[in-house]
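Q: Can we go through how the parts of this protein sit against each other? I have the model open.

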Amino acid sequence: MSLELVYFDETWRAEAIRLLLAYGNKSFEDTRLSFPAYSAAKPTLGLPFGQLPVLRTNGKTYAQSIAIARYVAKEVGLYPTDNLDALEVDSVVDAIVEMTNVFVDAVHSMKGEDHLKASIVPINEKIFPRILAGLEARLVGPYFLGDKISYADIFWLDFYQQIWQGNAALLTARQTDFPKLVLLVATLRGAAPLIAYWAAHPAKPATSHA
């Protein structure tokens with residue numbers, strides 16, 4: 001069964017899915033559209049909810065990045081079969097997505113620099129410290145489920161690279177306060193399938209925030 005992931009030629013909402021596919025050594029067609037190409041092709045793309053990313057497989061097109069990520073995680077063995085383990089990793093992913101969404105909403109508010117400065121204050125003083133502390137506490141080590149890697153670990157890696165590391169000038173959380181989370185990133189960065197993926201897709205200069 002072939003898989004085609006369609007998104008922009010950016011990381012943003014599709015990169016965690018790509019990392020899951022890469023880590024699981026799952027063959028897929030990685031369709032990356034420029035913005036002009038997307039605008040021209042959008043009427044013919046058959047987007048279920050009018051946006052990217054979408055996953056095409058078995059003759060159908062599926063949408064919503066988190067739903068796609070969970071499906072891929074199941075396909076590559078990175079989603080738990082135990083219901084309580086699944087609850088644990090889903091809650092971790094939801095917490096990471098909460099941080100991502102609140103940050104992206106702040107930087108893409110289109111209300112100017114003053115609004116961004118005001119919006120980033122509660123993120124730095126309350127939201128990120130609360131959630132990062134919770135993630136640090138729940139990280140058993142080396143992965144969130146102890147010795148079993150899951151899609152939650154890949155989501156954390158993606159958040160770290162795109163949001164925390166990628167926007168260090170805006171965020172004040174100190175990595176030294178979250179040693180287990182930082183160590184998890186180092187562990188995953190040493191994974192051979194991910195090293196191969198990054199070699200094939202070198203990071204581009206940032207054009208936006210996630």
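**Domain arrangement**

A: This is a predicted model. The C-alpha centres of domain 1 and domain 2 lie 22 Å apart.

Q: Which residues does each domain cover?

A: Domain 1 runs over 3-77 and domain 2 over 83-190.

Q: How many residues does each side give to the contact?

A: Domain 1 puts in 12 residues and domain 2 puts in 13 residues.

Q: And how much area is buried between domain 1 and domain 2?

A: About 1100 Å², with 65% of it on carbon and sulfur atoms.

Q: Which residues in domain 1 lose the most area to domain 2?

A: Arg13, Tyr23 and Arg70 do, and together they account for 41% of what the domain 1 side buries.

Q: Switching to charges: how many salt bridges are there across the interface?

A: There are 2 salt bridges between domain 1 and domain 2.

Q: What does the side chain of Arg70 meet in a salt bridge?

A: The side chain of Asp94, at 3.3 Å, N to O. Arg70 is also one of the residues of domain 1 that lose the most area to domain 2.

Q: How many residue pairs are in polar contact between the domains?

A: The count is 6 residue pairs, both residues at pLDDT 80 or more.

Q: Which elements give two or more residues to the domain 1 side?

A: Helix H1 (15-23) and helix H3 (65-75). H1 supplies the largest share of that side, 5 residues.

Q: What is the make-up of that side by class?

A: The side of domain 1 that touches domain 2 has 8 nonpolar, 1 polar and 3 charged residues.

Conventions: Residues numbered from 1 in each chain as written. Predicted model: local features only at pLDDT ≥ 70, side-chain atom pairs only at ≥ 80, totals over all residues. Heavy atoms only, no water. Domains from an automatic or database assignment. Contact = heavy atoms within 4.5 Å. Buried area = accessible area lost by both parts, 1.4 Å probe. Salt bridge = Lys/Arg side-chain N within 4 Å of Asp/Glu carboxyl O. Polar contact = N/O pair within 3.5 Å; in protein donor to acceptor, adjacent residues only side chain to side chain. Helix = DSSP H or I, 4+ residues; strand = E, 2+ residues; numbered from the N terminus. Nonpolar A, V, L, I, M, F, W, Y, C, P; charged D, E, K, R; others polar.
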